[in-house]
Amino acid sequence: REKKFTSLDDFCSRVDLHAINKKAVESLIKAGALDGLRGLEPAPAARARLLLAVDESVGRQQKMKADLDKGQGLLFGSAAPPQEISSADAAIKPLSEHDTLTFEREVLGFYFSGHPLMAVKAQLRATATHEVSQLAPSITTPVRLAGMVSKMRKMVSKKTGEPWVIITLEDLTGEITLLCFPKTYASGVNHLAKIGAFVAATGRLSFKSEDAGAGTPEVIVDDMTPLDSSATKFAKRLRLKCDATVGTEKLEALREVLERFEGPCPVALEQETSEGVAMLDVDQRVNLNQGLFEAVEAILGPRCWNIDASGAPAVITPRKWGPKPS
């Protein structure tokens, strides 16, 4: 059974640094392979500390190995002891979630400890008409996709010399190529198309193939907006589901949440009754964002909300909440 490594110095002292160099050690750290060297420390903090220590540890061990190769040896034939954590080391800022995941994708080709889009899952669901995995040749109407710009390649039109861009958009189900031709690119995409940006893109679906109706999907983009404003822009109504036993206390808490996230989107309460599903329009209008969804779910429970993009009329004649009690 192999002995566990106790520190980055210990690791570097027992690997072949002629075959595994500084860049390789950094890649192992970014992938999380050396998280165990920091015990129970959270991965973002462990990797930040290890990355800062790579230069010194690798350099020290390479010098020691070079001395051994020259026949100089080490006093008592032992390696240098692992370095203690300094006071400066204790103050090192952990990697951000974005950097942690970006490093994993960089060296592994995929996210390991999470996904950047999980934090905005609600906005994706509220905004997109389709997920990437749902796209098919049978879809002939415009689609709206929501996700993260993971790749971008700037192009120049051969005919006009105008710039345009090819974007890879990634959602939680896959990725797709977006074609933003000069007119669309100049309309604002040039400011939005940044690696790591969360966006919503609307356009026409095309399938790149010699055979019509088959092949790899692409979207010819007509419009692109930031994700944080797109949910409110495209929604017709926020529907909140509550059971028949919901009490006054929860309704008052809900009112306060809706007032805190004031915005343009109408809100309706949806409730099961003996006559079917009834919806009650309320006075408050809101901005749709992750904070609102989390606050509402804390009161009414998980999966209590839905975005109505059709603007369908309420089941019964809309009523209003009465004035807030004094």
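**Strands and their partners**

Reply: Begin with strand 6 (residues 237-242), which pairs with strand 9 in the antiparallel sense through four bridges. Pairing takes at least two bridges found by DSSP. Arg 239 faces Asn 306 of strand 9. This is a predicted model, where local features need pLDDT of at least 70, side-chain atom pairs need 80 or more, and totals for chains, interfaces and linings use all residues. Numbering starts from 1 along each chain as its sequence is written, and side-chain values use heavy atoms, without hydrogens or water.

Now widen the view. Four strands make an open sheet, ordered 8-7-6-9, with mixed pairing. Strand 8 (276-286) and strand 9 (305-308) are its edges, each pairing on one side only. From one strand to the next, the twist averages 30 degrees. Helix 10 (residues 290-300) packs on this sheet and touches strand 6, strand 8 and strand 9 (heavy atoms within 4.5 Å). The direction of helix 10 makes about 20 degrees with that of strand 6. Such angles run from 0 to 180 degrees between N-to-C directions, with axes fitted to C-alpha atoms, for helices over the stretch in contact. Helices (H or I, at least four residues) and strands (E, at least two) are DSSP runs, numbered from the N terminus.

Elsewhere, five strands form a closed barrel, running 1-2-3-5-4 with mixed pairing. Its twist averages 45 degrees from strand to strand. Helix 8 (residues 227-234) packs there, touching strand 1 (143-156), strand 4 (198-208) and strand 5. The direction of helix 8 makes about 90 degrees with that of strand 5. Strand 5 (residues 216-226) runs parallel to strand 3 (residues 174-180), joined by three bridges. In that region, Thr 177 stands opposite Glu 218 of strand 5.
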